[in-house]
Amino acid sequence: SPPSLLPRHRGSMTQFWAIFEGDAEAGVTCHRMVSDFDAGRILHRVAVPIAEDDTALSLHMKLATASEACFRHVIRLFFGGGLPEGTEWDVHEHRYHFRRVHKNGTIDPSWPDDQVDRFIRAMYFP
């Protein structure tokens with residue numbers, strides 16, 4: 001289960017991207033496994049709100065609890081009669097975040113103050 005609400009923020013550093021892009025919520029997604037990363041049919045999602053003072057670390061802690069809830073739900077489905085097919089989505093319509101820090105960790109002086117604040121909070125990651 002990736003720590004993102006697929007199809008948004010596929011890939012790495014999902015807590016960073018959710019905060020940096022100003023998302024109101026983040027979450028985890030349990031999905032079917034396929035050969036491509038974060039591309040399987042969605043089985044279940046659990047969302048958590050992103051507070052104005054959340055950092056990538058505090059969001060990581062929220063997502064740990066959400067991961068457990070998502071997993072428990074899917075396990076109950078599995079043992080209670082089987083998993084649904086899941087919701088299909090077009091992986092090619094959503095970008096993949098690779099494991100690298102945005103702008104090499106440098107603040108862009110052209111960003112507005114709220115973007116700088118989100119960048120700093122997003123850079124405080126596990």
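## Contacts of arginine 10

Once its neighbours within four places in sequence are set aside, arginine 10 is in contact with Phe37, Asp38, Trp89, Val91, His94, Arg95, Tyr96 and His97. The model in which these contacts are found is a predicted one, and arginine 10 has its place there in strand 1, which covers residues 10-11.

Although arginine 10 is buried, it has no salt bridge, and the nearest side chain of opposite charge, that of aspartate 38, is 5.5 Å away.

## The chain as a whole

The protein chain contains three helices and four strands, and these follow one another along the sequence in the pattern β-α-β-β-α-β-α. Its C-alpha trace spans about 55 × 30 × 20 Å along the principal axes.

Of the 126 residues in the protein chain, 40% count as buried, while the chain exposes about 7600 Å², of which carbon and sulfur atoms supply 55%. Among the contacts in the chain with a separation of 6 or more, 67% are accounted for by residues 24 or more positions apart.

## Helix 3 and its packing

In helix 3, which runs over residues 113-123, the buried residues are Gln115, Val116, Arg118, Phe119, Arg121 and Ala122. The buried residues of this helix pack against helix 1 (14-20) and against helix 2. An α-helix has 3.6 residues a turn, so residues three or four places apart point the same way.

Phenylalanine 79 lies in helix 2, which comprises residues 56-79. Phenylalanine 79 counts as exposed because its relative accessibility is 65%, and the cut-off for exposed is over 50%. Together with Phe71, Ile75 and Phe78, Phe79 makes a nonpolar surface patch of about 450 Å².

Glycine 86 is placed in the loop between helix 2 and strand 4 (96-97), and it is partly exposed, with a relative accessible area of 25%. Leaving out residues up to four places away in sequence, glycine 86 touches Arg41, Ile42 and Leu43. The C-alpha atoms of glycine 86 and histidine 31 are separated by 7.5 Å, although these two residues are 55 residues apart along the chain.

Note on methods:
Residues numbered from 1 in each chain as written. Predicted model: local features only at pLDDT ≥ 70, side-chain atom pairs only at ≥ 80, totals over all residues. Heavy atoms only, no water. Patch = residues over 30% accessible without salt bridge, like charges linked within 9 Å, V, L, I, M, F, W, Y side chains within 5 Å. Areas by Shrake-Rupley, 256 points an atom, 1.4 Å probe, with all protein chains shown as cover. Salt bridge = Lys/Arg side-chain N within 4 Å of Asp/Glu carboxyl O. Helix = DSSP H or I, 4+ residues; strand = E, 2+ residues; numbered from the N terminus. Buried < 20%, exposed > 50% of the residue type's maximum accessible area, 1.4 Å probe, protein only. Contact = heavy atoms within 4.5 Å. Lys, Arg positive; Asp, Glu negative; His and termini not counted.
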